[in-house]
Each structure stands twice: as C-alpha cells, then as structure tokens.
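Please look over the structure below with this briefing at hand.

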Amino acid sequence: MNTTNEMDLKFAAKSINEGFARVAVSAFVMGLDPTIAELSDIKTAVSEAVTNCIVHAYPDKSGLVYINVKITEKGKVIIKVRDKGCGISDVKKAMEPLYTTGGEERAGLGFAVMQSFMDKITVRSSLNKGTTVTMEKAIIRRGKNDRER
C-alpha cells in the first residue's frame with residue numbers, strides 16, 4: 001500500500017487544540033474529495049481520539065499530542081493519534097462502551113464512537129509510555145479526477 005501524501009502535527013494537549021486538530025486533518029483529507037458524511041466521520045473520530053489524549057493521557061502534567069495522517073494510492077486515510085502519557089492499563093476494558101476513568105462528566109463512549117465512524121481502529125498502549133490510536137477509512141472515489149490524485 002503506497003502512500004501518496006502524508007502530514008504530521010504536534011501540539012499541546014489542551015482542550016483549545018481539539019478543534020484545530022479536527023480542522024487540520026479534515027483539510028488534509030479534502031484532496032480525496034470526500035462526501036460530507038465521510039468528512040464528518042473523520043472529524044468526529046479525530047475529535048474523540050484527541051479528546052482522549054487531552055483528558056486521560058496527562059492527568060498530572062502537561063504533554064503533547066501527535067497526529068500522523070497518510071493517504072494511500074487507493075484512497076485509504078490512515079490516522080494515528082498518539083500521546084506519551086500515562087498509558088492504558090487494560091485496552092480491552094477501556095474500549096467497552098460506557099467505561100471511563102474520567103469521572104461522572106465523561107460518557108465513556110470515545111472508542112465506540114471512533115469504531116462506529118471509521119472502518120478500522122486499533123489501540124496500542126504501554127503504561128507510562130503512551131497510547132497510539134490508529135484509525136482507517138476508505139474514501140469512495142467518484143470522479144474522473146481520481147486518476148490525477
């Protein structure tokens with residue numbers, strides 16, 4: 001699977017930057033001419049992944065969020081959202097709907113939302129080293145301009 005385009009972002013794990021991440025990734029993906037629904041799915045999944053980093057990764061200190069986005073020659077978008085925070089002790093449990101370590105104000109639906117909007121999601125985590133969420137979505141290609149991408 002050959003990559004035709006790629007970008008990297010790095011920013012402070014602050015709530016104010018969640019919107020920036022969502023817009024930056026969606027702007028990068030626009031070259032594939034996604035539908036509004038496809039773009040909305042990606043924006044929502046990125047928001048959830050970045051919010052998880054902001055809320056959970058750095059409970060006692062500040063840190064960074066890293067995003068890498070690749071576009072393949074077949075129109076697949078691969079998004080990695082990574083932190084170097086506290087990690088997740090039980091990834092399987094954390095991916096269960098309604099499970100949260102974020103207190104009463106958190107719904108515990110972040111991973112479920114990501115899974116519902118993306119074709120594939122994988123989560124790797126190591127305690128005190130961080131977490132990487134990898135999300136994939138195939139963008140349906142529609143026009144004659146596809147050969148030019």
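The notes that follow describe the fold first and then single residues.

This is a predicted model, in which local features need pLDDT of at least 70 and side-chain atom pairs count only at pLDDT 80 or more, while totals for chains, interfaces and linings use all residues. Residues are numbered from 1 along each chain as its sequence is written, and side-chain values use heavy atoms, with hydrogens and water left out. The protein chain has four helices and five strands.

**Overall layout**

- The order of elements in the protein chain, from the N terminus on, is β-α-α-β-β-α-α-β-β; helices (H or I, at least four residues) and strands (E, at least two) are DSSP runs, numbered from the N terminus.
- Of the 149 residues of the protein chain, 45% are buried, where buried means under 20% relative accessible area, exposed means over 50%, and partly exposed is in between (1.4 Å probe, protein chains only).
- Among contacts in the protein chain with a separation of 6 or more, 65% join residues 24 or more positions apart; contact means heavy atoms within 4.5 Å.

**Nonpolar core**

- In soluble globular proteins, nonpolar side chains tend to be buried together.
- A nonpolar core is here a set of buried Ala, Val, Leu, Ile, Met, Phe, Trp, Tyr and Cys residues joined through side-chain atoms within 4.5 Å.
- The largest such core has 34 residues, and Val25, Val50, Ile67, Ile79, Val81 and Met135 have the most contacts inside it.
- Two or more residues of this core come from each of strand E1 (3-12), helix H1 (18-29), helix H2 (36-57), strand E2 (64-72), E3, helix H4 (110-117), strand E4 (120-126) and strand E5 (130-138).
- H2 gives the largest share of this core, eight residues.
- Val25 contacts Met7, Ile42, Val46, Ile67, Val69 and Ile79, leaving aside its neighbours within four places in sequence.

**Salt bridges**

- Side chains of opposite charge can pair when their charged atoms come close.
- A salt bridge is a side-chain nitrogen of Lys or Arg within 4 Å of a carboxyl oxygen of Asp or Glu, and by this rule there are three.
- Glu18 and Arg22 form a salt bridge in which the closest N and O atoms are 2.6 Å apart.
- These two residues are about one helical turn apart, because they are four residues apart in helix H1.
- Glu18 is buried, at 17% relative accessible area, and Arg22 is partly exposed, at 27%.
- Lys137 pairs with Asp41 in a salt bridge whose closest N and O atoms are 3.2 Å apart.
- This pair links distant parts of the chain, with Lys137 in strand E5 and Asp41 in helix H2, 96 residues apart.
- Both ends are buried: Lys137 has a relative accessible area of 8%, and Asp41 one of 17%.
- Glu136 pairs with Lys76 in a salt bridge whose closest N and O atoms are 3.2 Å apart.
- Glu136 is buried, with 16% relative accessible area, whereas Lys76 is partly exposed, with 23%.

**A buried aspartate without a salt bridge**

- Asp83 belongs to strand E3 (residues 76-83).
- Asp83 is buried but has no salt bridge, and the nearest side chain of opposite charge, that of Arg82, is 8.1 Å away; Lys and Arg count as positive and Asp and Glu as negative, while His and the chain ends are not counted.
- The side chain of Asp83 reaches the backbone nitrogen of Gly85 at 2.8 Å.
- Apart from neighbours within four places in sequence, Asp83 contacts Cys53, Ala57, Tyr58, Leu64, Lys129, Gly130 and Thr131.

- Asp33 is not a glycine, yet its phi is positive, about 55°.
- Asp33 sits in the loop between H1 and H2 and is partly exposed, at 42% relative accessibility.
- Asn128, also not a glycine, has a positive phi near 65°.
- Asn128 is in the loop between E4 and E5 and is exposed, with a relative accessible area of 67%.

Technical notes: Polar contact = N/O pair within 3.5 Å; in protein donor to acceptor, adjacent residues only side chain to side chain.
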